[in-house]
Amino acid sequence: MALGKDYAHQQCSIARALEVVGERWTLLVVRDAFYGVRRYGDFLAHLGAPRAVLAARLQALVDAGVLDRRRYQESPPRDEYVLTEAGLALWPVLRALGAWGRDRIPGTLPMRRFHHAACGTELGPAGECPSAGCPSHGRAVPPADIEMRPGAGLDPDPADPVSRALLRPRRLLVPLEHEPPAGNSPAAPVVVPDGH
């Protein structure tokens, strides 16, 4: 029997949540938004999702209130995607899913480590600060107070600029800024020949 496309007849909060975040690529888009990815081109470079699929997932997350679309450039018009309060509430789900994959799927190395930015301690299994000397001891650390660091499973020389930028320790939710291509710097604009 073929699997249905939705869970309309399910009387279950998990089924209802899957209607929003259960499609392939969707939780990876949300994950990247926590990592500071905000622009379509950066999502595309990091995820490798087909363009039409990525556009559909971003629109669905905006429609569901998980992401907010904000204009950052008028000419040509360009938008970025920022987690809403509903999106931020998905952090414990992503963290738990990542821990489950690392702990339960043989051969999976940790890609990233998450630390309490205030004290530098790696977060505990439930996303709490385990440091007895920290005022937040035993409490869940909110995403804005988490520093992400590379783990043993990350490729140390990735091809795309987003993955390279994510190799450096960084706070969650801080907008991603990656290095411009070689020869370009913020002080030296890219020169494009006429007609291109």
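**Close-up views of a predicted model**

Tyr81 is buried, at 10% relative accessibility (buried means under 20% relative accessible area, exposed over 50%, partly exposed in between, with a 1.4 Å probe and protein chains only). This is a predicted model, in which local features need pLDDT of at least 70, side-chain atom pairs count only at pLDDT 80 or more, and totals for chains, interfaces and linings use all residues. Residues are numbered from 1 along each chain as its sequence is written, and side-chain values use heavy atoms, without hydrogens and water.

**View 1. Phe43 and Tyr81 form an aromatic pair.** Rings of Phe, Tyr and Trp (its six-membered ring) pair if their centres lie within 6.5 Å; planes under 30 degrees apart are stacked, over 60 edge-to-face, and the rest tilted. The whole structure has three such pairs. Phe43 and Tyr81 are edge-to-face, 6.5 Å centre to centre with 70° between the planes. Phe43 is in helix α3 (residues 40–47) and Tyr81 in strand β2, so the pair ties together parts 38 residues apart in sequence. Helices (H or I, at least four residues) and strands (E, at least two) are DSSP runs, numbered from the N terminus. Phe43 is buried, with a relative accessible area of 0%.

**View 2. Trp91 and Phe114 are paired edge-to-face.** Their ring centres are 5.2 Å apart and their planes at 75°. Trp91 belongs to helix α6 (residues 91–104) and Phe114 to strand β3 (residues 112–116). Both residues are buried.

**View 3. Ser75 and Pro76 are joined by a cis peptide bond.** Its omega is near -5°. Pro76 lies in the loop between β1 (67–73) and β2 (78–83).
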